[in-house]
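User: Hey, I've just opened this protein and I'd like to get my bearings. Can we go through it bit by bit?
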Amino acid sequence: MKKFLKITTITGVCLTLLGALTFGIAFGSAGWDVQELSNVKAEQKRYEQKADTTIENIVIDVENTDVRVVFDESVETISLDYSQRFKKNGDPIGKITVHEENGGLRIVEKSSWKDGFLVWDFTSYKTTVVLPCDKSYTLAVDTDNGDITVCGNGTLASLTLSTDNGDVSTKEASLVCEGKMSMDSDNGDCTLGE
């Protein structure tokens with residue numbers, strides 16, 4: 001029994017050292033950059049509001065993404081930039097859909113447990129929404145793992161910002177909110193601007 005235990009211990013130590021050596025070689029060949037170890041690629045996508053439509057209600061429901069909402073005086077329509085992630089074999093990781101209907105715009109990311117299986121992803125993704133300043137919106141933003149930032153001068157019918165693991169900030173914004181305004185973070189800071 002002692003001999004078996006000794007052989008098992010020596011084998012375990014050798015395999016651990018071999019694994020550490022292999023990891024060190026791979027990490028070194030990646031230039032010691034953690035993001036180079038990622039087996040995920042991302043494709044930048046853009047949505048732009050059609051000129052003949054009116055959007056008053058915006059819902060953003062994403063999972064592992066920072067969300068930045070910008071009120072811009074120089075734009076007349078809504079635009080949205082986001083990243084669709086893919087595994088190296090081309091399979092999508094989560095699916096982001098943008099749906100415009102009846103004065104509402106919904107941006108939703110759906111994923112399953114299989115999407116994260118054997119995925120090494122160390123990149124921080126960002127969704128940016130640019131809104132005209134001269135229109136009033138009902139805006140709801142929800143992300144599981146990401147920061148939410150609102151900046152610029154804007155008018156809102158109502159505002160709801162919620163994240164599980166991230167910070168929520170409107171410190172770079174000057175907002176007029178006609179109705180309810182709420183900010184919520186389970187594990188992060190909430191910073192209110194003007």
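User: Where does N102 lie?
Analyst: Before anything else, keep in mind that this is a predicted model. N102 lies in the loop between β6 (95–101) and β7 (104–110).

User: Is N102 buried or exposed?
Analyst: N102 counts as exposed, because its relative accessibility is 77% and the cut-off for exposed is over 50%.

User: What is phi of N102 near?
Analyst: Phi of N102 is near 50°, which is a positive value in a residue other than glycine. Most residues other than glycine have a negative phi.

User: OK, new topic: salt bridges. How many are there?
Analyst: The count comes to five salt bridges. The general idea is that side chains of opposite charge can pair when their charged atoms come close.

User: Which residue does R46 meet in strand β4?
Analyst: That's D81: the side chains of R46 and D81 meet in a salt bridge, at 2.7 Å from N to O. R46 lies in strand β1 (residues 40–48) and D81 in strand β4 (residues 79–87), so the pair ties together parts that are 35 residues apart in sequence.

User: And which residues end up in one network with D81?
Analyst: R46 and E48 do, as salt bridges that share partners join R46, E48 and D81 into one network. The side chains of E48 and R46 meet in a salt bridge too, with 2.8 Å from N to O.

User: How accessible are R46, E48 and D81?
Analyst: R46 counts as partly exposed at 48% relative accessibility. E48 is partly exposed as well, at 48%. D81 has a relative accessible area of 23%, so D81 is partly exposed.

User: What does K45 pair with?
Analyst: K45 forms a salt bridge with E43, and their closest N and O atoms are 3.8 Å apart. K45 counts as partly exposed at 31% relative accessibility, and E43 is partly exposed with a relative accessible area of 39%.

User: Let's switch to holes. How many cavities of 30 Å³ or more are there?
Analyst: The count comes to one cavity of 30 Å³ or more. The largest cavity has a volume of about 60 Å³.

User: Which residues line the largest cavity?
Analyst: Its lining is made by N64, T65, Y82, S83, Q84, R85, I93, I96, E109, Y125 and T127. Sorted by class, the lining has four nonpolar, five polar and two charged residues.

User: Where does the largest share of that lining come from?
Analyst: From β4, which gives four residues to the lining of the largest cavity.

User: You listed T65 there. How far apart are P132 and T65?
Analyst: P132 and T65 are 67 residues apart in sequence and 23 Å apart in space, going from C-alpha to C-alpha.

User: And P132 itself, is it buried or exposed?
Analyst: P132 counts as buried, because its relative accessibility is 0% and buried means under 20%. P132 is found in strand β8 (residues 126–132).

User: Last one, about the surface. Which residues make the nonpolar patch?
Analyst: L15, L18, L21 and I25 make a nonpolar surface patch of about 420 Å². Taking L15 from that group, L15 lies in helix α1 (residues 2–29) and counts as exposed, at 56% relative accessibility.

Note on methods
Residues are numbered from 1 along each chain as its sequence is written. This is a predicted model: local features need pLDDT of at least 70, side-chain atom pairs count only at pLDDT 80 or more; totals for chains, interfaces and linings use all residues. Side-chain values use heavy atoms; hydrogens and water are left out. Patches are made of residues with over 30% relative accessible area and no salt bridge: like charges are joined within 9 Å, nonpolar side chains (Val, Leu, Ile, Met, Phe, Trp, Tyr) within 5 Å. Accessible areas come from the Shrake-Rupley method with a 1.4 Å probe; for residues, only the protein chains shown count as cover. A salt bridge is a side-chain nitrogen of Lys or Arg within 4 Å of a carboxyl oxygen of Asp or Glu. Helices (H or I, at least four residues) and strands (E, at least two) are DSSP runs, numbered from the N terminus. Buried means under 20% relative accessible area, exposed over 50%, partly exposed in between (1.4 Å probe, protein chains only). On a 1 Å grid over the protein atoms alone, a cavity is a set of points where a 1.4 Å probe fits but cannot get out, and a pocket is an open set with protein on both sides within 12 Å along at least five of seven lines; lining residues have an atom within 4 Å of a point. Grid points are joined across faces, edges and corners, and a volume is the space filled by probe spheres set on the points. Ala, Val, Leu, Ile, Met, Phe, Trp, Tyr, Cys and Pro count as nonpolar, Asp, Glu, Lys and Arg as charged, and the others, Gly among them, as polar.
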